[in-house]
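I opened my notebook to look up side-chain contacts. I wanted rings, charges and surface patches, in that order.

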Amino acid sequence: MLYQLLFALHDDVSWLSWLNVLRYTSTRILAATLTALVLSLILYPWFIRTLQKIQLGQVVRDDGPKSHFSKRGTPTMGGSLILFCLIIPTVLWSDMSNGFVLLATAVTAGCGVIGFVDDALKIRKKHSGGLPGKMKLLLQFLIAGAAVWYLFSPLSGLMPEAIRFRLAMPFTDFYEHFFVLPEWMYLVFATLVVVGFSNAVNLTDGLDGLAIGPVCMSAATFLVLTYAAGTLIAGFDIARYLNIPHIPGVGELAIYCGAMCGAGIGFLWYNTFPASVFMGDVGSLPLGAGIGFLAVASKNEFTLVVVGGIFVLEAVSVIVQVVSFKLTGKRVFKMAPIHHHFELKGWSEPKVVVRFWIISFMLALIGLATLKLR
């Protein structure tokens, strides 16, 4: 929106010719990131005070670590402002006629509504249970399924026909080592990626700053991956040089990634231990879905397992714990998700968070290495 308005002036007003720089995606990535960061830092103090006034306090599960009981009453639903600071800069600085950006924004907003209702019900009932699990999953699948179907539909024209249902493993040449799934199977798989990652981020959001750190690192990684996949520089095809799929238009998602980084870092200023505000499902569900969509849109579904390894680990720990207890009556971990296991082993909350951040940073570097090691 703002991008189209300002860029149009570079030809109309002579002294605004410098606005020609806005035609570069890299410029608008920086603008979106800074806009999101500044909005976050300015608005969160007011937002936290507002949450305190209307008493939207965190509901802590009774079976959780005892050290978390002191967090009761801390303002929650802070993720709603993350979404505002993510979507507004995306709308301002990206080409909103771009189908990839529209779908990413729609998935983010849709899952944000689900998270908002879930959080609101928890606060209203004064209980850690919000929307029924089956209802929440159904709504997530409907939103993700609709977005994935349109993304790969010939009607949208977004995904090149030759690579539409093609899958490749990280560290392999996308054009030489791949396998193709039947259309229905690929659509189901891609939908599972979006929904699965949405819930994986939600499970990770259990300690101050734990989820938002890896979210920012994952977004920064996909900023590079989407930019490389969809950007031509002076006619030079970066994607073909790196042996990754070239997807026209997907590079515009790098602006969405930049906005996610800026909004996340701004939120972290107030969410770091001890947190002044919690993210809530209204933040974790849409951020996870957004990252999952980035992976699907850029054909990096398996790379996501590496980049978002912390989230995968958290989700797998819950699955293993549940399956083990149902089959054997024994627990593998002291408590799941796995970050609680380390808390109960005696690690302080900041130690768990920072160590998980370090691991996430290492995994992000490995994810970026997939661009060159093929």
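**Aromatic rings**

I looked up Phe-342 and Phe-356 and found both buried (buried means under 20% relative accessible area, exposed over 50%, partly exposed in between, with a 1.4 Å probe and protein chains only). I noted that this is a predicted model, where local features need pLDDT of at least 70, side-chain atom pairs count only at pLDDT 80 or more, and totals for chains, interfaces and linings use all residues. Residues are numbered from 1 along each chain as its sequence is written, and side-chain values use heavy atoms, with hydrogens and water left out.

Next I counted ring pairs. How many aromatic pairs does the structure hold? I found 14. Rings of Phe, Tyr and Trp (its six-membered ring) pair if their centres lie within 6.5 Å; planes under 30 degrees apart count as stacked, over 60 as edge-to-face and the rest as tilted.

I took Phe-165 and Tyr-186 as one example. Their centres are 5.7 Å apart, with 65 degrees between the planes, and the pair is edge-to-face. Phe-165 sits in the loop between α5 (133-152) and β1 (166-167) and Tyr-186 in helix α6 (residues 183-204), so the pair ties together parts 21 residues apart in sequence. I wrote down how these elements are named: helices (H or I, at least four residues) and strands (E, at least two) are DSSP runs, numbered from the N terminus. Both Phe-165 and Tyr-186 are buried.

Then I went back to Phe-342 and Phe-356. Their ring centres are 6.1 Å apart and their planes stand at 80 degrees, so this pair is edge-to-face. Phe-342 is in helix α13 (residues 338-344) and Phe-356 in helix α14 (residues 349-369), so the pair ties together parts 14 residues apart in sequence.

I also noted one aromatic cluster, formed by Tyr-44, Trp-46, Phe-47, Phe-267 and Tyr-270.

**Charges over rings**

I checked for charges over ring faces (NZ of Lys or CZ of Arg within 6 Å of the ring centre and within 35 degrees of the ring normal). Arg-240 lies over Tyr-175, at 4.1 Å from the ring centre. Arg-355 lies over the face of Trp-347, at 4.7 Å from the ring centre.

**Salt bridges**

I counted six salt bridges (a side-chain nitrogen of Lys or Arg within 4 Å of a carboxyl oxygen of Asp or Glu).

Lys-122 and Asp-118 form one, at 3.5 Å from N to O. They are four residues apart in helix α4 (residues 99-125), about one helical turn. Is Lys-122 buried or exposed? I read 17% relative accessibility, so Lys-122 counts as buried. Asp-118 is buried too, with a relative accessible area of 0%.

Lys-136 bridges to Asp-281, with the closest N and O atoms 3.3 Å apart. This pair links distant parts of the chain: Lys-136 is in helix α5 and Asp-281 in helix α10 (residues 281-297), 145 residues apart. Both Lys-136 and Asp-281 are buried. I then saw that Asp-118, Lys-122, Lys-136 and Asp-281 are linked in a network of salt bridges.

Arg-164 is buried, with a relative accessible area of 7%. Glu-161 is exposed, with a relative accessible area of 58%.
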